[in-house]
Amino acid sequence: MRRLDGLLSWWKEDKRYLLLCKALLLALLPVLCCLVGSAAEGRSIGEVYLPASEWNDELFYYKQVESIVDFGYPLGYYGFNESHGLKLSFAAWSPVLVLPWIVWGLLFGWNLLSPVICNIFLMTLAVFLFVWLTKPTWKQMGVLTFLFCLYTPFVRYMLSGMPEIICISHLIVFYGLAMSYQRSERAGKLAGLFIISGLLTLMRPYMLLFLLLPVYFWIRAARRQGKILWGILGSGAVSGMVLLCYALIKHYFGAEYFHPLFFTDWITVFFTDGFGGGIHNFFSTLYWKGRDFYAHTVQGLRTGLASGAFFAGYLATMAVLLWQTAADAGKLRRTRGQMQEQEREVLRGQLTAEAHLAFSFVGMLFALLLMYKLTEGSKHLLTFMAVGVFVISLMETRFYKKAVLLGAVFAYLYTYKAVDPYDYQTPYVKAERQAQVEDWRLRFDAALTLTRDAAPNYDNVVIWVFNEQSTEGETMKWQLLYALPEGFGISCCQKDFVLQNFDDLNSRYIVAQAGAEVAQRCADAGLALLAQDEDIVLYGRY
């Protein structure tokens with residue numbers, strides 16, 4: 001009875017009922033934005049159709065999760081130019097990245113709409129937890145709503161089969177928990193920060209930037225207790241385990257990509273050319289990649305080029321974070337002895353979050369320039385900007401001028417200039433495409449034989465001839481591969497690789513563009529034609 005009375009007292013004194021109302025109210029925001037965004041195009045969420053999308057990464061993510069839900073892992077290899085991992089059958093990216101989708105599929109089943117519904121659910125849950133953990137004022141909730149609505153990549157990626165929302169939702173909860181930890185430093189919250197940032201690092205290695213925040217919290221707490229050495233050793237051990245797990249996952253489960261996913265020559269040159277050569281290469285790389293970055297940014301501002309628009313939005317968000325970090329740091333110095341300690345703690349917690357996120361923005365910018373291809377790496381910046389929306393909304397300012405300025409940048413870049421359908425158009429169902437996918441579902445079921453013995457194996461692999469065009473300039477409708485039976489693997493192979501290694505290929509099946517070079521080579525070699533239509537052909541090699 002006493003415990004119940006204490007719970008009721010806690011609920012009333014902290015006004016948890018009001019906080020619950022705020023959290024539930026703002027949790028509706030992702031759903032409402034998706035509904036309004038779809039309605040503006042005369043569509044509904046239920047009409048989102050992944051085989052109508054032009055983003056081919058979605059195919060790999062979707063089909064791998066489908067196989068994991070049904071069989072535990074794909075029974076055929078996923079890879080590039082017939083590469084595959086040392087163990088099991090995943091593609092180049094960590095399977096941890098799609099873990100929430102796997103759980104969703106096991107609980108509710110997996111179909112073409114499942115990743116979309118799961119994305120919306122994850123964002124809804126993340127927003128709810130963020131409000132519950134940070135306790136924003138009504139004005140701050142208004143700023144968050146304003147920025148969330150103007151940052152339209154939220155809706156585009158929720159209504160997709162891309163895992164960006166998985167990373168974004170985890171980071172939103174991460175920063176909410178970090179701000180809550182600042183108010184009451186409890187071991188459970190610190191453990192939660194390590195778990196979330198550890199999972200994020202296993203998903204994508206640059207997320208290591210966020211693991212540094214709980215490391216800082218642990219060392220800071222240990223220093224107060226006079227045990228700083230234990231804090232350093234403990235946080236270092238946890239971070240080391242996370243990095244070891246990532247290395248093992250990448251080594252054993254990652255298939256080799258067409259080209260390196262990130263470049264480390266700026267590090268290795270220090271060992272091959274000496275310190276002077278390494279320094280020269282470091283700054284040369286920054287200079288030339290920086291010029292390309294600037295050119296993309298200018299083109300994004302002028303024409304709406306997606307990579308340039310992402311760079312411009314990233315720079316604007318980073319500038320606001322750096323600006324506010326400097327302002328809050330100055331305010332803490334100026335008001336020493338004048339502000340109540342509770343207010344200073346709130347400001348100090350906000351400053352820590354702003355400073356760490358600003359540091360992460362700068363770190364990711366250097367990583368992009370040194371280690372990634374600019375156009376392919378640009379979409380990774382969207383996650384940083386998304387969590388920036390939430391941290392910036394909590395800034396303690398009088399008129400929120402910086403938030404309004406950032407909202408105007410978002411509106412210009414991601415609404416007014418967002419005209420390229422490839423990057424910004426949500427894929428909705430088209431009767432012709434849907435009918436063709438269903439037709440090929442029947443064709444594949446009749447023609448393909450799934451071998452469960454000694455799986456994973458190449459008997460269960462379909463080669464997708466990547467970017468081959470017919471004589472009329474038609475590119476293969478790879479979206480029809482969504483119709484492949486569950487369990488089959490897909491090896492995305494370049495045309496030249498297939499032709500040069502035609503007699504030594506391992507995969508049992510080939511799907512190629514009708515009337516193009518690979519299809520003709522298959523016919524000339526006498527391979528069995530298993531199915532065809534006016535767009536693609538399916539051959540069996542043995």
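The second largest cavity is lined by P153, R156, Y157, F310, L382, D423 and Y424. A cavity here is a set of points, on a 1 Å grid over the protein atoms alone, where a 1.4 Å probe fits but cannot get out, and lining residues have an atom within 4 Å of a point. Two elements, α7 (153-158) and α18 (421-424), each give two or more residues to this lining, and α7 gives the most, with 3 residues. Helices (H or I, at least four residues) and strands (E, at least two) are DSSP runs, numbered from the N terminus. Sorted by class, the lining has 5 nonpolar and 2 charged residues, with no polar ones. Nonpolar covers Ala, Val, Leu, Ile, Met, Phe, Trp, Tyr, Cys and Pro, charged covers Asp, Glu, Lys and Arg, and the others, Gly among them, are polar. The space inside comes to about 30 Å³, where a volume is the space filled by probe spheres set on the points, with grid points joined across faces, edges and corners.

All of this comes from a predicted model, in which local features need pLDDT of at least 70, side-chain atom pairs count only at pLDDT 80 or more, and totals for chains, interfaces and linings use all residues. Residues are numbered from 1 along each chain as its sequence is written, and side-chain values use heavy atoms, with hydrogens and water left out.

A search of the whole structure turns up 2 cavities of 30 Å³ or more. The largest has a volume of about 70 Å³, and its lining is made of Y61, Q64, F90, A91, W93, S94, P95 and V98. That set splits into 6 nonpolar and 2 polar residues, with no charged ones.

Then there are the pockets, which are open sets of points with protein on both sides within 12 Å along at least five of seven lines. The largest pocket has a volume of about 1200 Å³. Its lining has 48 residues, and D57, Y257, E376, K379 and H380 are the closest to its centre. Elements that give two or more residues to this lining are α3 (57-71), α11 (228-253), α13 (306-334), α15 (374-377), α18 and β2 (461-466). Of these, α11 gives the most, with 4 residues. The class count for the largest pocket is 30 nonpolar, 9 polar and 9 charged.

The second largest pocket holds about 490 Å³ of space. It is lined by 16 residues, with T134, K135, R183, V346 and E396 the closest to its centre. Both α8 and α14 (341-371) supply at least two residues of the lining, and α14 gives the most, with 6 residues. Here the classes come out at 4 nonpolar, 7 polar and 5 charged.

What about the packing of the protein itself? The largest nonpolar core has 158 residues, and F154 and Y175 have the most contacts inside it. Such a core is a set of buried Ala, Val, Leu, Ile, Met, Phe, Trp, Tyr and Cys residues joined through side-chain atoms within 4.5 Å. Buried means under 20% relative accessible area, exposed over 50%, and partly exposed in between (1.4 Å probe, protein chains only). Helix α8 (residues 164-183) makes the largest contribution to this core, 13 residues. Leaving out residues up to four places away in sequence, F154 touches M123, F148, I165, I168, A386, V389 and F390, with contact meaning heavy atoms within 4.5 Å. Another core, of 16 residues, lies apart from the largest one and includes I463, F502, L527 and Y539.

N119 sits in helix α5 (residues 114-134) and counts as buried because its relative accessibility is 0%. Its side chain reaches the backbone oxygen of M158 at 3.4 Å. Beyond its neighbours within four places in sequence, N119 is in contact with W101, Y157, M158, S160, M162 and I165. A319, in helix α13, is partly exposed, at 41% relative accessibility.

Some backbone details stand out too. Most residues other than glycine have a negative phi, and most peptide bonds are trans. The bond from A455 to P456, however, is cis, with omega near 5°. P456 belongs to the loop between α19 (431-447) and β2, and A454 lies in the loop between α19 and β2 as well. A454 has a positive phi of about 55° without being a glycine, and counts as exposed, at 70% relative accessibility. N467, in the loop between β2 and β3 (489-494), has a positive phi near 60° and is exposed, with a relative accessible area of 55%.

Methods. Polar contact = N/O pair within 3.5 Å; in protein donor to acceptor, adjacent residues only side chain to side chain.
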